[in-house]
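Have the model open as you read.

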Amino acid sequence: MHILRMTVLSVYAPVVSLTVLDECVDPLVSQLYASSFLASSRYNFLYSANFAKLYGTSGWSPSPRDRQPWLQIDLKRKYRIQAIATQGTFNSYDWVTKYTLLYGDRPDAWTPYIMKGGNSTMPGNWNYYQVKRNVFHYAFTAKHIRLLPLSWNTENGGKIGVRLELFGCPYDSYVMQMNGDDSVSYMFPGKRFRTLQDHFALNFKTLEQDGLLLHSEGVQGDIFTLELKKGRLVLTIGLGSSTVNQVDGRTRMSVGNILDDQHWHYVTIKRHGRQVNLTVDAHTETAVCNGEFTYIDLDTQLYVGGVIEPNLPHLPEIPNFRGCLENVFINGINIIKMTQDQEPEIRIPLQKKMHYACRDILWKPMTFAGPDNYLQVPGFFRKPRMFVKFKFRSWDYTGLLMFTRFADDLGALELGLSEGQVNVTLFQPGKKKLQFAAGYRLNDGFWHTVDVTARDNLLSITIDEEEGSPLKITNPFTVRTGDRYFFGGCPKTNNTIRKCETKLNNFHGCMQQIFIDNEPVDIDIILQRRWGRYTELLLGTCGITDRCTPNPCEHEGRCIQSWDDFICLCENTGYKGEVCHMSDKAWTVVEHDRMVATKVTGSTVDRPYVGEVHYWNASWDEVTALANTSMYCEQWIDYSCYKSRLLNAPNGRPYSFWIGRNNESHEYWGGAFRESGKCGCAINQTCTDARFHCNCDADYRQWYSDKGYLMWKDHLPVRKVVVGDTNRTGSEAHFSLGPMRCHGDRSIWNTVSFTKPTYIEFPTLRPGGSIDISFQFKTYRPHGVFLENSDDWLRNFIRIELNTTQNLVFIFMVGDGILNVTLRSPVPLNDNEWHFVQAELNVKLARIKVDYQPWAVRRFPGQTFVTMKFTHPLLVGAANRTLWPFLGCLRALRINGVTLDLEGKANEEQGIRRNCTGQCLNATIPCRNAAQCIEGYAAYTCDCGNTAFDGFYCHKDIGAYFEIGSWLRYNIRKKPTTNEEWWANWLDPHYHNFSLGYNDTSDEIEFSFSTFQTPAVLLYISSFLQDYMAVILKKDGTLDMRYRLGLITHKYQLSFRNLADGFPHYVNITRHNRTIRTQVDYMEPIVEKITLVEDGRFDSPKNIFLGRVMEVGEIDYEIQRHNSPGLVGCISGVRYNIYAPLKTLFRPNETEPPVTVQGFVSESNCGAFPPVHGYVPWEADPWFTTIDYNYIHDDLGLFWLTAHFNNFS
């Protein structure tokens, strides 16, 4: 078990300006002459390359037949370039939407500009006139620029159209060629170099993986060494070591990869005291030097490009640098210029002549970058010997390197990359193919040489020119060379006799220095004379990038890459997700003093050993509170035994047990269900003796153990462990207890409710390249924005919103236009229930989910770059200042693992309230008559469905006036209760279970009446059996109630005064089991008890009668005596459990309501309650029509009026 202790750093950081330096933004293209522009083709004269200037009256467009168009600009000198701006062709439908930019010092050697994340695709325009400006994340130097259009507008006949401008400033270049046998030494003034801070800078390009760039040492153990090692830049710096304190002051830093690509790389080293920043191109690593010293003390000299001294041609194990150096500055001192000027501080060992120009090797690499890429070149036909040699570099595991078919149908030879090896396959007609492999881990991104020679009965392959160990295959076969060779893949149109056939994928990577039959292949001449073919190749450059440097996988996840993608392996990191960004679980761990095994002997059941557990760094109340508020907790428990029983005791009392949170003993062990009396082996059926539920209960004279996690959270943490069977001869037990580990929070998690259109501001997010968001919400609104963060112009933003009742949308613009991920829920999300939302965005994908529904995922293509550079504050509850406001509750908002303090931003005046409380809690006029308040946060509504009333507050009485002889019948059920229904209700006899309408142990009855006439049966409820309930107005005006449950009819006096006075009177009757509570008007309630002899259930209610009883069958004599002439008067607000007969009659919500009326029954409120006039929200006010309506609701605010006006405009 590992315990992680960490400090969580906020995702917020101060705003840093990323604007281009003002002193290096000169326009570079507008001042050029036409001769500086070159293109692969042109549409016609009016679309020539020299018209490709920003704000020009035309633009460049290539020929429609141009398979690989490009636009090239010669800047005439070297510049430091900071940005590019593009437009489409003037007044047209021609513009480029995506492009790649190449740059270089020569027009035949190119370097692709690579954005962050390994993306070489730059965003272009969306119309012809607006300027799209791309600021480079690191400045580069170049004399020549080439633009390659990748996609363009095709609507309305659109085609490629480009106008552009570059921004930068002149760059003075001082270069020096290093050949590995030369070196330059800068002699320190006074032969000593002692500084607190330094700034070193240099540029280099090379084809070598290893080489020394800078080196110096001091007698006190100080050292400064900058070197290339396996294509990576490594800095070793030491400010001094201490032999007394045994401190090694050396610090080693590494940055970059595959830097042996013959492209310029820009290195900067900045140091202040022990703080060191090492930068290559745009990648910076920071370190703090070991030791306690802050000054660096170097002696005599600093070597540049290598170390050459008498009897020392180079440093041990570090070869001298071979390549070109440019602008080597040491704290502002230009070393190369001093060398050119032969300054006395410069020493050149062996007095060699230095060369101040780069001797570029005229290599012509090519990049295989498309899904169907291939290169076809000619060969000498029918020669008895075959020689093929080439170099390649790639990240892919598989791909076709080379294929050729022999003459005279003698077979074919295939070279393929498979699992990092070169697989050689020799096909022979009528024979089994020969296969063998050579090399190891050749897909590491470095250049590798493949040399194949073949003649009759012999084939030899050499990898990386290791002549001492070529792989040779001798087998009967015949070689006659074919006339064509295919590299990187096979063409799709492949109808020739000597066609290319393979089952391998296309190769993606770079190749160079191809030799066929010992003759170098000049790609330019072959293509110019049309001797060869190619598709989807990038000529003159190697566009390989290392997507794993810097490592995009967070929390030390392992990065594995291919040509255009990467994956992160997150095992053993504690995180998950595409870039190991999302925490599996944030565990809180509490340790104690019983984590080391405790030995127990001599204990008995009567006198057991009691091992108390003392938790560290937390009181018992704090540990208990942690378990109580967490979603999940666990604690490992281990009992090792030698003839010591655990749970199995003859009298049922366990030998050993543990005591939990509430001082209660628990007789189950780790891995078993709570209170099961078992151990984990009984659950897994792995116990040593199947007769027992624990391994230790077998009572063997050898060591066994019972162990596992205790996971019933309400019993944790463990307070004591009691051991009681170690007193027999040889008996012994050891127990240990793991730390308590908890995660999650089941409390209300920092909750606020938005009751007005408003928002909460938090500091601007600085998430880098990935972000994960989680929160919970509840609302009744059909839409609303949960959160948004953006820049000033909404060109870079993220937003999560409820778009419709069932659509949850994650919208973002983080590098390649506005995109979104939409989760379509099968159920409404505005049901005013809590819903859990999770969202994630990184360079691989964007996804969102709600509750337990599947993720909605949008995967990004390879070479995608995600940049989240926001400038506005994070808004919670709205977007862009009250646009689509959210009304409802939010809680547990976490961004990149950090919980945002919502409650700390609560402001009642602004409409942000602590906890999830809306208008229902403090309603000005609450819902009447037990109606349910439906929370609207900005307002509320009353659900009158289960009441006998109507109106906004369920305050409007629904009553009826009954003339003489009139009556109403409401049908509760049409048939008696079945036995199955009776048993179902008997098993679940909840007092609120009125939905089935039978076998009720509870009744709720309420109504109002007014009359001058007596007698009358005001309300009568019949059943399919003999049970009934009646409220009778007797001749003297007093009120009685009759209950028959089973065999006995019980009589209750509700009122002793005359109620037939024409005034409204309110009656409420509630029964729960055998307790009856009655109340008339506002008198004191009367509580009666039904005797135990009587049944406590009202079996199978059938009908409700108002006015008179017209039931079929036998009716009690007392009911008959008061049934004529019936009610003459008014009755209102009638409700029996969930049934409201008068509301069903006058406010029906079904086609055939179960109501029968005889005689004259008319609607009336009966004067039972005075009308209530109160605030009604404009959304529910039927009289509120437009903004011009004279009455304005003062508490709605200006925003709502504006929103209402906009909706109608």
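Cysteine 490 and cysteine 500 are joined by a disulfide, with an S to S distance of 1.8 Å. The model you are looking at is predicted, and a search of the whole structure finds 15 disulfides.

**The link between cysteine 490 and cysteine 500**
- The torsion about this S-S bond is about -45 degrees, so the disulfide is left-handed.
- Both cysteine 490 and cysteine 500 sit in the loop between β33 and β34 (509–516), ten residues apart.
- Cysteine 490 has a relative accessibility of 16% and counts as buried, because the cut-off for buried is under 20%.
- Cysteine 500 is buried too, at a relative accessible area of 5%.

**The link between cysteine 553 and cysteine 568**
- The sulfur atoms of cysteine 553 and cysteine 568 form a disulfide, at 2.0 Å from S to S.
- A value of -85 degrees about the S-S bond makes the link of cysteine 553 and cysteine 568 left-handed.
- Cysteine 553 and cysteine 568 are both buried.

**The link between cysteine 633 and cysteine 742**
- Cysteine 633 and cysteine 742 make a disulfide whose sulfur atoms are 2.0 Å apart.
- The link of cysteine 633 and cysteine 742 is right-handed, with 115 degrees about the S-S bond.
- This pair connects distant parts of the chain: cysteine 633 is in strand β45 (residues 632–642) and cysteine 742 is in strand β51 (residues 740–743), 109 residues apart.
- Cysteine 633 is buried, as is cysteine 742.

**Another buried cysteine**
- Cysteine 289 has a relative accessible area of 1% and is buried.

**Strand β24 and its partners**
- Strand β24 covers residues 374–378 and is mostly covered, with four of its five residues buried.
- On pairing with strand β36 (residues 533–535), β24 runs in the antiparallel sense over three bridges.
- Within that pairing, glutamine 376 has arginine 533 of β36 as its bridge partner.
- β24 also runs antiparallel to strand β33 (residues 484–487), and four bridges join them.
- Arginine 484 in β33 stands opposite proline 378.

Technical notes
Residues are numbered from 1 along each chain as its sequence is written. This is a predicted model: local features need pLDDT of at least 70, side-chain atom pairs count only at pLDDT 80 or more; totals for chains, interfaces and linings use all residues. Side-chain values use heavy atoms; hydrogens and water are left out. Buried means under 20% relative accessible area, exposed over 50%, partly exposed in between (1.4 Å probe, protein chains only). Helices (H or I, at least four residues) and strands (E, at least two) are DSSP runs, numbered from the N terminus. Two strands pair if DSSP finds at least two bridges between them. A disulfide is a pair of cysteine sulfur atoms within 2.5 Å.
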